[in-house]
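Good morning, and thank you for joining this group meeting.

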Amino acid sequence: MSSHRRYITFYALALLMLFFWGDVRLAQSQSIEVSPLLRANAVQTASFANEWNLSLENGRFQSTSPDFSADGVVDFDVSPDNRHVAILRNSTAAGAGFVIEIINREGITVARHEGITDVDPADPSLKLYLLAGGTVVLRDNIVTFSIFTHSRGFVDRVSNSSGSPDGETMSRLISSADGTQVFVYNPRIIRQQGFSSRLSRLNIEDAAIENLFVDGSREILNLTASNDGAFVYVLLGDPQNNVELIKLADDGTQLASISAENAGSGAYVQPEEGTVTFFNQSNAQVYSIDSGERLANAFFRQQNIVFAYYEPQDNLVLAITGQRSDRDGRIQANAIRAVDLNARSLIHSRDLQHTFTFRPEDEPRMHRNGPNVYQLLGVTNAVRITVNR
């Protein structure tokens, strides 16, 4: 080989080494910091937006910032705008039944509903829902809801029973953040030849239910409403674990649909961004719900994604890997990872041994505190996630 050719070969190798060295340094300069929000022994405390940190254990309800507590509490809920919390507790007066109290950010009780008798604390279907404007809905039976408003107090009880002789799972409720729309749904209605599901609107003022959508062969896995209630997003699954998201107008008109590529996918819907993130095993894929266009793809080799979130302002996909049980409301996280969509690079956190718990009907959700800073809401043992890049 001539000296000229040797010089060219050496120069090319030097450039190649410089290129890869630059890539390594770039990857090393990127990181994810995970820091606890609360003291180490406060693992039973669930974190919500506006720094609500709440716990309920053995009937003892505790709030920090603001600092207040109550005993004999059966359930609690935070309003969609995160301004108030409601608790359902035993009355201190003998034979007076149960009381619902609504408490503001200063720890002051701003509304109270007393003398509630249709409550069985041992009923696993018992659940309290606090809506915008001070409306409270209490599911006091598998398919029955009691409605309380700030102006009228107790309004009425309403049944969402499908009437199926073969049975059904417990009805669930969601509302828009502004409280203008309230939806109830039968996730799974048992039929002789399979199962179906149904979505309805609940009219608070007259305690009436209006059917909007029925699927004859699939169950509703989850429901999400836009902040203004104009749209509702129905996540459906069939017996083969195929998953589809349908976008409906508030009158039940179908506007768009998109199916997950992989059977058994989880999904995180972001109505205000118009996106859904499907995640399954090592893959997370972000789609525009209206156009069906795939906006981003994240792949973490030999990792199991249990939650994934797309943030267009920071142009990244953030994922939690590990194991998840929706039945138990538990995420065992082993890492928090991200894909920087600008640099097209993976950003890794330190390995974690971290357990989040959540109430199964209250799906975990991600909140953006600021550029590249996030917080997983609605879970215990909450953390702050900071992406450095």
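Let me start with a term: a residue is called buried under 20% relative accessible area, exposed over 50%, and partly exposed in between, with a 1.4 Å probe and protein chains only. By that scale Arg-294, with a relative accessible area of 42%, is partly exposed.

What you see is a predicted model, in which local features need pLDDT of at least 70 and side-chain atom pairs count only at pLDDT 80 or more, while totals for chains, interfaces and linings use all residues. Residues are numbered from 1 along each chain as its sequence is written, and side-chain values use heavy atoms, with hydrogens and water left out.

I turn to the salt bridges. The term stands for a side-chain nitrogen of Lys or Arg within 4 Å of a carboxyl oxygen of Asp or Glu. In general, side chains of opposite charge can pair when their charged atoms come close. How many salt bridges does the structure hold? The count is 20.

Arg-294 takes part in one of them, meeting the side chain of Glu-261 at 3.5 Å, N to O. Arg-294 belongs to strand E25 (residues 294–299), whereas Glu-261 sits in the loop between strand E21 (254–259) and strand E22 (266–270), so this pair ties together parts that are 33 residues apart in sequence. Strands here are DSSP runs of E with at least two residues, numbered from the N terminus. Elsewhere, salt bridges with shared partners link Asp-75, Lys-127, Arg-359 and Asp-362 into one network.

A further pair is Arg-112 with Glu-101, whose closest N and O atoms are 3.3 Å apart. Since Arg-112 lies in strand E9 (residues 109–116) and Glu-101 in strand E8 (residues 98–103), the pair ties together parts that are eleven residues apart in sequence. Are these two partners buried or exposed? Arg-112 counts as partly exposed, at 42% relative accessibility, and Glu-101 is buried, with a relative accessible area of 8%.

The side chains of Glu-244 and Arg-218 also meet in a salt bridge, at 2.5 Å from N to O. Glu-244 is in strand E20 (residues 243–249) and Arg-218 in the loop between strand E17 (208–215) and E18, so parts that are 26 residues apart in sequence are tied together. Both Glu-244 and Arg-218 are buried.

Next, the strands. In general, strands of a sheet pair through backbone hydrogen bonds, either parallel or antiparallel. Here, two strands pair if DSSP finds at least two bridges between them.

E12 has an antiparallel neighbour in strand E11 (residues 136–139), joined by four bridges. Val-136 stands opposite Phe-148 there, and the hairpin of E11 and E12 has four residues between the strands. Strand E13 (residues 153–159) also runs antiparallel to E12, with six bridges.

I close with two backbone features. Most residues other than glycine have a negative phi. What is the phi of Gln-302, which is not a glycine? Its phi is positive, about 60°. Gln-302 is found in the loop between E25 and strand E26 (305–311), and counts as exposed at 74% relative accessibility. Asn-381, likewise not a glycine, has a positive phi of about 55°, and its place is the loop between E33 and strand E34 (383–388).
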